[in-house]
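Hi,

Here is the structure I said I'd pass on. Have a look at it first, and my notes on what turned up follow below.

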Amino acid sequence: MDATFFFDPACPWTWRTSRWLVRVAEARGLRVEWRAFSLAILNDGNVPPQFADAMTASSRALRLVEALRAQGRPEDVARFYAELGARSHDAGNPLAASIVTAAVDAAGLGEAAPALDDERWDEAVRESHALAYASAGPDIGAPVLMVPGAERGIHGPILTEVPDLDDALTIWDSLLPLLRMPAFHEVKRGRH
C-alpha cells in the first residue's frame, strides 16, 4: 500500500481528509489501505449523550471495515466508507444505524453485513486503533495517515474543505517528505 488511512466514520474532519486522499490517490495511482480508528476507544467510552448513537453506529461500521480488511478487500472498504460519508457528512446527518445499513446495501456488501454485529471483530478494531495511536500519538485523534518509509504516522492533515486537485496534490507533495523526515513533529493552526 502507498498510504494507510485510519478513520472513524463519525468524524466530519476525517471525512474531508479522506476525500482529499481519494482525489490524490486517483490522480497519482496510489493504493490506500483503510483502517479503523475509534473515537469511542480514544475517549475510553466516555461519550457525551448527544454523540452516543453516532459512536454506536461507528463501532458497528468499524467491525465491517476490519473484517473486509482481513479479507484483503480495500476497494470494498473504500466503497463502504464513501457510501457512509455521502449519507452522513455530505447529507448533513449524524452517523446512525440506518445510515450504516443503507451504506452496506449501496456498496453491495450484504454478504459481509453479519460482521457489523459480530463482537469478535472488536479486537481487530482495538488493534488497528492501537497501531494508529502508537504511530502518531499521544494527544491525537482521527484521522491518522501512515506512509511507507516514515518512522511515524501523523494525525491529519485536518482540512476545512476538500481541496481542488491542484491544491490536493500540493498538500500531498508537501506532506510526504515531512512524514519521512524523523525530525518533523507538527504543523498546526488554531481553529476558528
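This is a predicted model: local features need pLDDT of at least 70, side-chain atom pairs count only at pLDDT 80 or more; totals for chains, interfaces and linings use all residues.

Helix 1 and helix 4 cross in a left-handed way. Helix 1 covers residues 12-28 and helix 4 covers residues 74-90; their axes come within 11 Å and cross at roughly 130°. That angle is why the two helices count as oblique to each other. On the helix 1 side, the residues in contact are Pro12, Thr14, Trp15, Ser18 and Arg19, and they meet Tyr81, Ala82, Gly85, Ala86, His89 and Asp90 of helix 4. Sorted by class, that contact has five nonpolar, four polar and two charged residues.

Helix 4 also packs against helix 5 (residues 97-106), at an angle of about 135° and with the axes 8 Å apart. Helix 4 and helix 5 are therefore oblique too, but their crossing is right-handed. Helix 4 brings Phe80, Glu83, Leu84, Arg87 and Ser88 to the contact, while helix 5 supplies Ile99, Val100, Ala102, Ala103, Val104 and Ala106. The class count here is eight nonpolar, one polar and two charged residues.

Is serine 58 buried or exposed? Its relative accessible area is 1%, so serine 58 is buried. The side chain of serine 58 makes a polar contact of 2.7 Å with the side chain of aspartate 8. Leaving aside residues up to four places away in sequence, serine 58 touches Asp8, Pro9, Ala10 and Leu95.

Cheers

Notes
Residues are numbered from 1 along each chain as its sequence is written. Side-chain values use heavy atoms; hydrogens and water are left out. Buried means under 20% relative accessible area, exposed over 50%, partly exposed in between (1.4 Å probe, protein chains only). A polar contact is a pair of N or O atoms within 3.5 Å; within protein, one must be able to donate a hydrogen and the other to accept it, and residues adjacent in sequence count only if both atoms are side-chain atoms. Contact means heavy atoms within 4.5 Å. Axes are lines fitted to C-alpha atoms, for helices over the stretch in contact, and angles run from 0 to 180 degrees between N-to-C directions. Helices (H or I, at least four residues) and strands (E, at least two) are DSSP runs, numbered from the N terminus. Angles under 35 degrees count as roughly parallel, over 145 as roughly antiparallel, 65 to 115 as roughly perpendicular and the rest as oblique. A crossing is left-handed if the near helix is turned anticlockwise from the far one by less than a right angle, and right-handed if clockwise. Ala, Val, Leu, Ile, Met, Phe, Trp, Tyr, Cys and Pro count as nonpolar, Asp, Glu, Lys and Arg as charged, and the others, Gly among them, as polar.
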